[in-house]
Amino acid sequence: GIGHKTAPCVNWILRPVVFPTVTHQTDEEEVDFSWKRHRLFNHTACLVLYQICMEDPLATVTEVSTKPKSKWRPLPLDTVELEKLASRKLKINAKETMKIAEKLYTQGLISYPRTETNIFPKDLNLTSLVEQQTQDVHWGPFAQGILERGGPTPRNGKKSDQAHPPIHPTKYTSSLQGNEQRLYEFIVRHFLACCSQDAQGQETTVDIDIAQEKFSAHGLMIIARNYLDVYPYDRWSAKVIPVYERGAQFQPTAIEMVDGETSPPQLLTEADLISLMEKHGIGTDATHADHIETIKSRMYVGLTADQRFLPGELGMGLVEGYDSMGYEMSKPNLRAELEADLKLVSEGRKDKFTVLRYHVEKYKQVFIEAVREAKKLDEALSTYLGQALEFTPQDEMALELPLPVRKCPQCSRDMVLKKKKDGRGMYLSCVGYPSCKAALWFPDSVLEVSRDESICPTCRPNPVHKLKFKFKRGSLPPMMPLELVGCIGGCDETLREILDLKYLRGGRAGAQPASNPPSGSYLRDSQSQNQPRVQPPPRPRPESRKPVASVTSSPWASHPPAVGGSDVTVCNCGQEAIILTVRKEGPNQGRQFYKCNTGSCNFFLWVDQPEERGVGNRNATSWTPQPPRPSVGFGGSSGSGSSGFSQPSGSSRLGSGDGAATLCKCNEPAVTRTVMKDGPNKGRTFHTCPKPREQQCSFFQWADENMPPGGLDSVPQLGGQKSRRPGGESYKAPVAKKQRTCGVCHQPGHTRTTCPQNSDR
């Protein structure tokens, strides 16, 4: 690569050289004769030879030869030659050249610019193409001369891709400007030069002898310029020397010993690099420019003032690092072999699957070796970039590939833990992203999460690794540890409640109670992760409003429900929700919905669907008890409680003491709960449906009122009529409505805003 070609230039050791020169001045010209030994590194040896010549400085002409000399006209343009010549002659880089050429092609001014052909097909009418250019004031007369001398006679190369002809002008124009005009003019002049004749000249060589040391001089006389008249990009300068005859002798005007030093090879130009890429089979005519732009954009190389490539510190470090590994990854051999095989596949001479398997295995071995010897890269780069930073164990863990936690229930690929983009928190994601968008986003209450080596024996498909969680202080109920190990496969009831897991499809091996949702598919597709868990509450009448009360019966309830009598809709983060209207065109345009006021949670609720709302669902993430189920990793019992926390009985008696069991709308004995949230109803007991949250009916009844509160499905009907529940119970409406009390002091006669105890007044 460039690094190997540049190494001699950078590490070149200058060595002194000496050589004698002879000058002969005549009446016509001054002729310089060069030493046939070229140069010597030994100054003393050269000095001895110089002194010998000075002792007898008479020069004798030993040979005079004259031969015709031709300068060949250029070959037809292919893509690679266009890139090289535009870089050398016009100083336009390869990427810009191809961009301009494609624009000229789309305008119909030139032929297709991506071709490997440098032979004009016999059926291409070159005469008409030359005729189009006769109208130009600059090269029109030369084009006319081609036609007058019998028409175009192009010099052809040996390459053909059997698809496109060489690059040539297809239409005349004089309206272009800038680099577009320069490139178009170059293509036209190159085409006309190719269709013209070679330049002709006469070269004369004169050899002389001074004290048995040989010297020679060359002269050139141009006879016919031909293509050079239209192609200023090539130069062929005449050098006139006097007429010498063999055997003639003359006294040199001067004999000198010149000191000099060796010079390193020049840095590569873009044209040089393209030539080397073509020679070694790296890339194609269509990809050369892209490869060059890549090494420049990655800072492997830079450009000098005269547009030559200078390797950067990163580029040199990589070359030396790969070389130190013992195999030449920085050499073109590996890539050239692949390119050669791909060409054979395109020609039908090799099977593409055989080539694919061979090269994948070969590159895999190279990659494995490179990873194993990666330290050598560090050592080589440290020479240019300084010593590598030492990583802490935490940094090394972050750099390691994440370990699989479980199989994705949607595509069966691995799911791994990843950090969120903002760096705060983790989520479980499928490695098939973006084709598979299955993901589980852990709430902000999870400070840390990592994979545990233990595997859940229950969840399928195996293995489903348990996870270690560390929760934020205050985010869990009292007496519950902040560091837990649990399974997110669906079998762990405690973790289901804490993390609010969703079960969308799939199932866990083994029998499950009918009331339990299927496990193993809690993962949310990231396309719908902003869709909340909708449990819409009923919209109560204004006259039936009551203070909000939160309830809980389990130490792991993440969001206790609000009492259905409140007229305030609360989102998942406990704030009053706001009402918005759908503006987007569609079936829901104009429809109102509730949304989190701060945007911190994914709460969502339609305003106009009271029939879908549950009783305790003014708080959209209300908690409802689940039937007993093993909680893997938490040590919870399979009885009525879990994790060692007590749970109230599954049924109770009405507070009236009549001995009759209270039934919910499902004809099931209701369970008694106690309001735990701070507020006016704290400590108050109520009856509710005993079923799991997903299957609960909307039954609610205060234990000390022996009647359902207002604003529910069981509210007494107007006119004193009885209202029936699905279970068959009936009751009469109360004769007098309970008087409304203040929300601060709980006394009738005034409201919260006019309360004498309100400190805000």
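**Exercise 1. A three-stranded sheet**

In what order do the three strands of the open sheet with β14, β15 and β16 stand, and is the pairing parallel or antiparallel?

*Solution.* The model is predicted.
Step 1. The order is β14-β15-β16, and the pairing is antiparallel.
Step 2. At the edges stand β14 (446-455) and β16 (483-486), each of which pairs on one side only.
Step 3. From one strand to the next, the twist averages 20 degrees.
Step 4. Strand β15 (residues 465-471) is joined to β16 by four bridges, in the antiparallel sense. Leu 467 has Gly 486 in β16 as its bridge partner.

**Exercise 2. The partners of β1**

How many bridges join β1 to β2, and how many pair β1 with β7?

*Solution.* 
Step 1. Strand β1 (residues 16-25) and strand β2 (residues 30-35) run antiparallel and are joined by four bridges.
Step 2. Towards β7, β1 pairs over eight bridges, in the antiparallel sense. Here Val 17 has Gly 260 of β7 as its bridge partner.

**Exercise 3. Helix α3 against α8**

Classify the relative direction of α3 and α8 from the angle at which they pack.

*Solution.* 
Step 1. Two packed helices are described by the angle between their axes and the distance between the axes.
Step 2. For helix α3 (residues 79-90) and helix α8 (residues 270-280), the angle is about 160 degrees and the axes are 8 Å apart.
Step 3. Angles over 145 degrees count as roughly antiparallel, and α3 and α8 are therefore roughly antiparallel to each other.
Step 4. The crossing of α3 past α8 is left-handed.
Step 5. On the α3 side, the contact holds Val 80, Glu 83, Lys 84, Ser 87 and Arg 88; on the α8 side, Glu 270, Ala 271, Asp 272, Ile 274, Ser 275 and Glu 278. By class, these residues are three nonpolar, two polar and six charged.

**Exercise 4. Helix α3 against α7**

Repeat the analysis for α3 and helix α7 (residues 178-194).

*Solution.* 
Step 1. The angle is about 115 degrees, and the axes are 11 Å apart.
Step 2. That angle makes α3 roughly perpendicular to α7.
Step 3. The crossing of α3 past α7 is right-handed.
Step 4. Leu 82, Leu 85, Ala 86 and Leu 90 of α3 meet Arg 182, Leu 183, Phe 186, Ile 187 and His 190 of α7. The classes are seven nonpolar, one polar and one charged.

**Exercise 5. An aromatic pair**

What is the geometry of the aromatic pair of Phe 593 and Trp 606?

*Solution.* 
Step 1. The structure holds 18 aromatic pairs.
Step 2. Phe 593 and Trp 606 form an edge-to-face pair, with 6.1 Å centre to centre and 80 degrees between the planes.
Step 3. Phe 593 lies in strand β20 (residues 592-595) and Trp 606 in strand β21 (residues 604-606), 13 residues apart.

Note on methods
Residues numbered from 1 in each chain as written. Predicted model: local features only at pLDDT ≥ 70, side-chain atom pairs only at ≥ 80, totals over all residues. Heavy atoms only, no water. Axes fitted to C-alpha atoms, helices over the stretch in contact; angles between N-to-C directions. Helix = DSSP H or I, 4+ residues; strand = E, 2+ residues; numbered from the N terminus. Parallel < 35°, antiparallel > 145°, perpendicular 65-115°, else oblique. Left-handed = near helix turned anticlockwise from the far one by under 90°. Contact = heavy atoms within 4.5 Å. Nonpolar A, V, L, I, M, F, W, Y, C, P; charged D, E, K, R; others polar. Pairing = 2+ DSSP bridges. Phe/Tyr/Trp six-rings, centres within 6.5 Å; stacked < 30°, edge-to-face > 60°.
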